[in-house]
Amino acid sequence: MASAPAKLTAVVQEPISKHTATVIILHGFGDSGAGWAPVGEQLSRYLPHVKFIFPNAPALPITANGGMPTPAWYDILSISSITHEQDEQGLLRSRQQVMQLVSVEVEQHNIPANRIVIGGFSQGCVLGLLVGLMSEHRFAGIVSLSGYLPLHTKIMDMVADANRKTPIFWGHGTADQVVKYEYGERSVEFLQKNKYQVDFHSYPRMGHSACPEEIRDLLAYFKETLPEDLPVLAKA
């Protein structure tokens with residue numbers, strides 16, 4: 001029997017007020033949760049009810065880097081195009097690890113999945129999409145920044161229906177030379193063709209990074225998908 005994957009460590013930005021929602025953001029290749037933590041600190045001022053979790057990827061031997069161990073969510077076999085072979089086993093292993101974090105929020109902190117946003121940047125975007133599309137939990141939202149669709153030749157055979165209507169925020173810079181802008185465009189077109197609710201934000205002259213405009217748009221997205229005031233249920 002296969003053992004469960006190791007639990008991920010993470011940088012956690014605790015909510016300022018009562019905890020009623022959680023955002024999990026997965027960093028990019030070669031980075032760590034600390035790299036995105038300042039964004040959580042910045043957004044927390046406007047989202048006091050939200051806990052931000054920035055997991056740390058383990059160091060993996062990277063084929064495209066001559067086997068050099070590097071923080072990564074999955075092996076990079078080639079960086080030539082979006083159609084290259086992808087490390088399915090690594091992606092699925094990391095998906096399990098992220099779902100462990102989701103389970104902790106749901107089961108231990110009583111945060112329902114529809115009050116959780118999952119997503120990431122670059123490699124983290126790819127993994128976040130896989131988590132969201134395959135999950136039986138219906139998330140509040142999926143954030144996809146400067147990445148591309150995972151396992152595109154078979155992903156539609158792997159998805160669950162829970163997040164068919166979940167709003168997906170996709171941001172990509174037109175000057176991105178690491179994950180080309182066209183990869184983002186083609187991924188969004190594929191998802192929209194398959195009836196996913198993707199809002200594509202294009203950022204002129206932005207490279208493989210974030211920018212103030214994108215953070216501003218993310219804040220608006222979080223305010224819409226994770227409002228501080230929960231709806232009052234009518235009495236029967």
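Let me begin with pLDDT, which is the predictor's confidence in each residue, from 0 to 100. This is a predicted model, in which local features need pLDDT of at least 70 and side-chain atom pairs count only at pLDDT 80 or more, while totals for chains, interfaces and linings use all residues. Residues are numbered from 1 along each chain as its sequence is written, and side-chain values use heavy atoms, leaving out hydrogens and water.

The chain has an average pLDDT of 93, and 93% of the residues score at least 70. Residues 232–236, however, fall below 50, and beyond near neighbours in sequence they make zero contacts in the model, a contact being heavy atoms within 4.5 Å.

Now to the interior. A nonpolar core is a set of buried Ala, Val, Leu, Ile, Met, Phe, Trp, Tyr and Cys residues joined through side-chain atoms within 4.5 Å, where buried means under 20% relative accessible area, with a 1.4 Å probe and protein chains only. The largest such core has 40 residues, and Ile24, Phe139 and Leu191 have the most contacts inside it. Its largest share, eight residues, comes from α3, helices here being DSSP runs of H or I with at least four residues, numbered from the N terminus. A second, separate core of 26 residues includes Trp36 and Leu219.

Finally, is Ser122 buried or exposed? Ser122 counts as buried because its relative accessibility is 8%, and the residues it touches, beyond four places in sequence, include Gly28, Ser146 and His208.

Methods: Buried < 20%, exposed > 50% of the residue type's maximum accessible area, 1.4 Å probe, protein only. Helix = DSSP H or I, 4+ residues; strand = E, 2+ residues; numbered from the N terminus.
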